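The exercises below concern a predicted model. Work through each task with the structure at hand before reading the solution.

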Amino acid sequence: MKYQIKQAEELTETEIEHILQLWDVPVWSSMKPSYFRTFFKDSEFHLLLDTDESILAIIRNNFDFTLEISGEQITFTEAVGLVSAHKKKGYGARLVQYFKDNANQRNMETIGFCHEELRPFYQKCDIEILYDKAKSIKENENSEWVNSEDDDILIFNISKERKEQLSQLSAENTAYLITKE
């Protein structure tokens with residue numbers, strides 16, 4: 001197995017098709033490679049490959065992720081889109097470890113999110129979890145601020161100060177996801 005990081009423009013058409021198939025997001029299913037590369041220009045793709053260079057697991061670093069907390073805009077790297085091509089083989093867990101090590105080596109403030117039912121997986125991967133804190137993040141949906149659908153914030157690598165800020169999120173102390181227009 002091989003761990004590899006690629007920018008969107010470095011992915012082959014076959015890799016893009018495989019990634020879209022693994023992610024299984026209906027609105028993205030017919031995305032053409034050229035549009036994929038533009039759409040994910042602020043991302044990098046962390047891949048676990050087999051000996052034939054086929055994707056065993058993928059996770060994406062989203063560099064276009066900013067939260068406003070108490071009036072301060074904070075940019076994080078967001079870990080998103082973790083999926084394994086084969087369930088229960090350990091590929092996802094192995095990729096998460098490579099990914100976490102990479103975030104630490106590069107000292108990137110990296111967080112992710114998960115639903116409650118995925119907690120056991122991330123606990124097994126030794127990822128620190130801020131339980132039920134993601135619900136305190138508001139996202140703008142059709143000009144209305146709504147709570148995030150995720151439950152937890154995953155800590156891959158952040159400073160004590162940032163972790164403290166995220167730990168203090170609550171119904172009274174919400175964060176807002178800032179999106180570029």
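**Exercise 1.** Determine which residues D150 touches beyond its neighbours within four places in sequence, and where D150 lies.

*Solution.* Leaving those neighbours aside, D150 is in contact with F113, C114, H115, A134 and K135. As to its place in the fold, D150 belongs to the loop between β8 (144-147) and β9 (152-157). The next step is to look for a charged partner: D150 is buried yet has no salt bridge, and K135, the nearest side chain of opposite charge, is 7.6 Å away, whereas the cut-off for a salt bridge is 4 Å.

**Exercise 2.** Decide which residues of helix α5 (residues 160-167) are buried, and how they are arranged about the helix axis.

*Solution.* The buried residues in α5 are R162, Q165 and L166. Viewed down the axis, the buried residues of α5 fall within an arc of 95 degrees, so they line one face of the helix. The buried residues of α5 pack against β3 (55-69), β4 (72-84), β5 (110-114), β6 (128-130) and β9, while the exposed residues K160 and E161 are carried on the face turned away from the buried side. A salt bridge also joins E161 to R162, with the closest N and O atoms 3.7 Å apart, and R162 has a relative accessible area of 16%.

**Exercise 3.** Characterise the salt bridge between D132 and R119, and state which network includes these residues.

*Solution.* The closest N and O atoms of D132 and R119 are 3.0 Å apart. This pair links distant parts of the chain, 13 residues apart, with D132 in the loop between β6 and β7 (137-141) and R119 in helix α4 (residues 119-124). D132 counts as partly exposed at 44% relative accessibility, whereas R119, at 14%, counts as buried. Salt bridges with shared partners join E116, R119, D132 and D152 into one network.

Terms used
Residues are numbered from 1 along each chain as its sequence is written. This is a predicted model: local features need pLDDT of at least 70, side-chain atom pairs count only at pLDDT 80 or more; totals for chains, interfaces and linings use all residues. Side-chain values use heavy atoms; hydrogens and water are left out. Helices (H or I, at least four residues) and strands (E, at least two) are DSSP runs, numbered from the N terminus. Buried means under 20% relative accessible area, exposed over 50%, partly exposed in between (1.4 Å probe, protein chains only). Lys and Arg count as positive and Asp and Glu as negative; His and the chain ends are not counted. Contact means heavy atoms within 4.5 Å. The arc is that of the directions from the helix axis to the C-beta atoms.
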